[in-house]
Amino acid sequence: QEQLVESGGGLVQVGGSLRLSCEASGRAFSAYSMGWFRQAPGKEREFVAVISRSAVSTFYSDLVKGRFTIARDNAKKTVYLQMNSLKPEDTAIYYCAAGGWGTEISAFAYWGQGTQVTVSA
């Protein structure tokens with residue numbers, strides 16, 4: 001079983017950058033694809049990015065492609081989300097998740113508690 005803890009959120013101005021981290025505490029981190037999702041107030045949770053177990057493959061939402069980069073370090077059991085050129089519409093709680101490859105919430109079995117990202121205009 002994986003426990004996931006996100007960090008790195010905060011308040012940033014439009015056009016700024018943030019790097020989110022998500023550290024896992026279980027033994028099987030390298031066996032899971034890792035994803036990032038986000039949920040804005042009043043909206044459903046949506047897919048942001050996913051990275052395969054060995055980091056060979058990544059996939060992004062069209063909303064963040066070219067601005068966000070997902071990466072992982074299996075030795076540190078950590079997945080990252082580098083967010084550049086941030087926009088107000090990126091404001092949300094960001095969640096990391098562990099599971100199978102996919103973009104659907106149902107593909108991921110384990111979830112962190114989330115970290116708030118606020119982009120001010």
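Strands here are DSSP runs of E, at least two residues long, numbered from the N terminus. The model is a predicted one.

First, the chain as a whole. It has 11 strands and 0 helices, so by the DSSP runs the pattern along the sequence is β-β-β-β-β-β-β-β-β-β-β. The C-alpha trace spans about 40 × 25 × 25 Å along its principal axes. How does the radius of gyration agree with that of a compact globule? For 121 residues the globule would be near 14 Å, and the chain has 13 Å, which agrees. Of the 121 residues, 44% are buried. The accessible surface comes to about 6300 Å², and carbon and sulfur atoms account for 47% of that. As for contacts, take those between residues at least 6 apart in sequence: 56% of them join residues at least 24 apart.

Next, the interior. In soluble globular proteins, nonpolar side chains tend to be buried together. In this model the largest nonpolar core has 28 residues, and the members that touch the most others are Trp36, Val79, Leu81, Met83 and Tyr94. Which strands supply at least two residues each to this core? They are strand 3, strand 4, strand 5 (46-51), strand 7, strand 8 (78-83), strand 9 (92-99) and strand 11 (115-120). Another core lies apart from that one; it has 5 residues, including Phe37, Phe47, Ala97 and Phe108.

Now the cysteines. A search of the whole structure gives 1 disulfide. Its partners are cysteine 22 and cysteine 96, with the sulfur atoms 1.9 Å apart. The pair links distant parts of the chain, since cysteine 22 sits in strand 3 and cysteine 96 in strand 9, 74 residues apart. Is the disulfide right-handed or left-handed? The torsion about the S-S bond is about 45°, so the disulfide is right-handed. Cysteine 22 and cysteine 96 are both buried.

Buried or exposed? Tyrosine 32 has 18% relative accessibility, and because the cut-off for buried is under 20%, tyrosine 32 counts as buried. Beyond residues up to four places away in sequence, tyrosine 32 touches Glu2, Arg53, Arg72, Ala98, Gly99 and Tyr110. Of these, take Tyr110: tyrosine 32 and tyrosine 110 are 78 residues apart in sequence, yet their C-alpha atoms are 9.9 Å apart in space.

Two serines come next. Serine 52 lies in the loop between strand 5 and strand 6, and is buried, with a relative accessible area of 12%. What does the side chain of serine 52 reach? It reaches the backbone nitrogen of valine 56, at 3.2 Å. Setting aside neighbours within four places in sequence, serine 52 is in contact with Ser33, Ser57, Arg72 and Trp101.

Serine 61 is in the loop between strand 6 (58-60) and strand 7 (68-73). Its relative accessible area is 13%, and serine 61 is buried. The side chain of serine 61 reaches the backbone nitrogen of leucine 63 at 3.1 Å. Outside four places in sequence, serine 61 is in contact with Phe47 and Val48. Phe47 has come up already, as a member of the core of 5 residues.

Last, backbone torsions. Most residues other than glycine have a negative phi. Which residues are worth a look on that count? One is lysine 77, which is not a glycine and has a positive phi of about 55°. Lysine 77 is in the loop between strand 7 and strand 8, and at 27% relative accessibility counts as partly exposed. Another is serine 85, whose phi is positive too, near 50°.

Technical notes
Residues numbered from 1 in each chain as written. Predicted model: local features only at pLDDT ≥ 70, side-chain atom pairs only at ≥ 80, totals over all residues. Heavy atoms only, no water. Buried < 20%, exposed > 50% of the residue type's maximum accessible area, 1.4 Å probe, protein only. Contact = heavy atoms within 4.5 Å. Helix = DSSP H or I, 4+ residues; strand = E, 2+ residues; numbered from the N terminus. Polar contact = N/O pair within 3.5 Å; in protein donor to acceptor, adjacent residues only side chain to side chain. Core = buried A, V, L, I, M, F, W, Y, C linked by side-chain atoms within 4.5 Å. Disulfide = S-S within 2.5 Å. Rg over C-alpha atoms; globule rule 2.2 N^0.38 Å. Areas by Shrake-Rupley, 256 points an atom, 1.4 Å probe, with all protein chains shown as cover.
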